[in-house]
Amino acid sequence: DMGKGPAFFPGGTPSVWNDIREIIEAASAKAEDGRPCAVMNGKGGAGSCVKMYHNAGEYAILQIWGEVHAIMQAWGMSGDEESEVLRSWKTKAGGSHENLLNSYMLDLTVEVVKARDAVSAGGESDGSLLIDKTNDMIGSKGTGLWSVQEALGVGVPCPSLAAAVLARQMSMQRGERLANNSKLDLAIAPAAKPTVEMLENLYWSAAISIIASYAQMFQCLRTLDREFEFGLNLPATIATFRAGCILQGQMLAPMTRAFEEDPNLSSLLAAFAPEIAANMTRFKSNVADILCNTNAAIPVMTASLSYVQTMTQTKIPSAQCVALQRDIFGRHGFKRVDKEGDFNATWPELQ
């Protein structure tokens, strides 16, 4: 089976890679086109950097699927109903892309939402859902946090990746959450079962959130490549995610092609512009419905929505406001859109 075996993310000394390349490529998983999922990512810590952001993307996308489950549960769907809808999404076309969301992480979610408790899982084989008996605390090894810290340090915005780390941290504060709930219970009435339209909105919320997360992940890699001069070949690296790792999925093929066709692509968002433009209203409608009518927490979806809206704007009114606020209290100055240079305005004394 070509899909068996791991993906490798080597980096370091090119001459060493040349010595071991045949062995690593032979041991690696192979993508559908037969290419080995192993490529020399660049000098120094390039391989570790790629693996680190692989994990940060994994954090975000696992959390997105977790949020899809939270929404479906808030809509009163059973585990089997959830699993059936999610399974149908594996073969659902997304715009011009066949099977857009088909992926290993969707497969995981299909299994998780319907799994029954069992003696082998520490419980009873009584037909109840294992997910309902699972403690709501997500462990982590630190790669997602490290990735976000590095991105913040070099000024690359990655709100979806950061929100996934924060979601794990909030989950670990179970004691505080229970104590808070005893004083502040925000319970609301259960929502109605979803319509076909609501499920379509949810599909596109997941799809655009995943695209936004990958877009941030790739922008992080590009910026750190410039910062540390790794010599990264981004489409070749993306191609190695197509088998043998947690990120493997259908979406990686058009992503690879997008950067092969245009290495200077401004963002992955641009590569999926038709799909995003056609379905942003669905994404917004779903988020509005969930925030207004359920208590489901969807931090990565909301961060992804803000990212797409902000990173496609020609003018950010809130940024204009804060730029002038800083000029009042600290004389930090501001730029103008109509001429070059730094400027200060004359303000009334407010203290």
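How many salt bridges does the count come to by this rule? It comes to 16, a salt bridge being a side-chain nitrogen of Lys or Arg within 4 Å of a carboxyl oxygen of Asp or Glu. Before the close-ups, some housekeeping: this is a predicted model, where local features need pLDDT of at least 70, side-chain atom pairs count only at pLDDT 80 or more, and totals for chains, interfaces and linings use all residues. Residues are numbered from 1 along each chain as its sequence is written, and side-chain values use heavy atoms, with hydrogens and water left out.

**View 1. Arginine 242 pairs with aspartate 33.** The closest N and O atoms of this salt bridge are 3.2 Å apart. Arginine 242 sits in the loop between α10 (234-239) and α11 (252-261), and aspartate 33 in the loop between α1 (14-27) and α2, so the pair ties together parts that are 209 residues apart in sequence. (Helices, H or I with at least four residues, and strands, E with at least two, are DSSP runs numbered from the N terminus.) Aspartate 33 is partly exposed at 45% relative accessibility; buried means under 20% relative accessible area, exposed over 50%, and partly exposed in between, with a 1.4 Å probe and protein chains only.

**View 2. Arginine 116 meets aspartate 80.** Here the closest N and O atoms of the salt bridge are 3.0 Å apart. The pair links distant parts of the chain, 36 residues apart: arginine 116 is in the loop between α4 and α5 (130-133), and aspartate 80 is in helix α3. Both ends are partly exposed, arginine 116 with a relative accessible area of 39% and aspartate 80 at 40%.

**View 3. Lysine 133 and aspartate 126 form another salt bridge.** Their closest N and O atoms are 4.0 Å apart. Lysine 133 is partly exposed, with a relative accessible area of 49%.

**View 4. Helices α2 and α7 cross.** The axes of α2 (residues 46-74) and α7 (residues 159-172) come within 8 Å and cross at roughly 70°. Axes are lines fitted to C-alpha atoms, for helices over the stretch in contact, and angles run from 0 to 180 degrees between N-to-C directions. The two helices are therefore roughly perpendicular to each other, a label for 65 to 115 degrees (under 35 is roughly parallel, over 145 roughly antiparallel, the rest oblique). The crossing of α2 past α7 is left-handed, that is, the near helix is turned anticlockwise from the far one by less than a right angle.

**View 5. Asparagine 99 and arginine 331 have positive phi.** Phi is near 50° in asparagine 99, which lies in the loop between α3 (79-89) and α4 (104-114). Arginine 331 also has phi near 50°, in the segment after α15. Asparagine 99 is partly exposed at 22% relative accessibility, and arginine 331 is partly exposed at 47%.

**View 6. A nonpolar patch lies on the surface.** Leu324, Ile328, Phe329, Trp347 and Leu350 make up this patch, with about 500 Å² of accessible area together. Patch members have over 30% relative accessible area and no salt bridge; like charges are joined within 9 Å, and nonpolar side chains (Val, Leu, Ile, Met, Phe, Trp, Tyr) within 5 Å. Areas come from the Shrake-Rupley method with a 1.4 Å probe, and for residues only the protein chains shown count as cover. Isoleucine 328 belongs to helix α15 (residues 317-330) and is partly exposed at 32%.
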